[in-house]
Amino acid sequence: MKNSFAYLMSLVFCLGILNTITGQTGGDKKNDGWISLFNGKNLDGWKVGENAHTFSIEDGAIKVEGPKAHLFYVGDVENHNFHNFEFKASVMTKPGSNSGIYIHTRYQEASWPVYGYEVQVNNSQGDWKRYR
């Protein structure tokens, strides 16, 4: 299965398999009040568990392609401990994509996150309720 997706957390990214995250300068507050957690250049401020080769940077975005992997935000913004926050991500998927963004979770080296909540980024099913 392949995906195209994107973005971050302790907030964890439980990124499935070809995903893309767009980014500005890490931790910089933009004119619209949003603070980017991804710098658009590398994975500074992020920690990867198993299958780290699944993640790469391409055209200023995080690309995910390969086996199940998780990308955890461990950077300086709010000391990577978020409460009462709003989260915004630019996400691209392709047919068959299946991924997600976890929030209120913690780092794990392997397996699916035990803690937190997943926001699905899933383009692999014909669920009649999903937003198109």
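Tutor: Along the sequence, the protein chain reads β-β-β-β-β-β-β-β, that is, eight strands and zero helices. The model is predicted, and what follows is computed from it.

On the part you asked about: the largest nonpolar core consists of 11 residues. They are L37, F38, W46, F55, I62, V64, A69, L71, Y73, V77 and F82. Two elements, β5 (61-64) and β6 (69-73), each give two or more residues to this core. Of the elements, β6 gives the most, with three residues.

For the chain as a whole, 38% of the 132 residues count as buried. Among contacts with a separation of 6 or more, 58% are between residues 24 or more positions apart. The protein chain exposes about 7,700 Å², and carbon and sulfur atoms supply 48% of that area.

N123 lies in the segment after β8 (117-122). In sequence, N123 and P95 are 28 residues apart, yet their C-alpha atoms are 5.8 Å apart in space. N123 has a relative accessible area of 25%; buried requires under 20% and exposed over 50%, so N123 is classed as partly exposed. The core residues, by contrast, are buried by definition, because a nonpolar core is a set of buried residues joined through side-chain atoms within 4.5 Å.

Methods
Residues are numbered from 1 along each chain as its sequence is written. This is a predicted model: local features need pLDDT of at least 70, side-chain atom pairs count only at pLDDT 80 or more; totals for chains, interfaces and linings use all residues. Side-chain values use heavy atoms; hydrogens and water are left out. Buried means under 20% relative accessible area, exposed over 50%, partly exposed in between (1.4 Å probe, protein chains only). Helices (H or I, at least four residues) and strands (E, at least two) are DSSP runs, numbered from the N terminus. Contact means heavy atoms within 4.5 Å. Accessible areas come from the Shrake-Rupley method with a 1.4 Å probe; for residues, only the protein chains shown count as cover.
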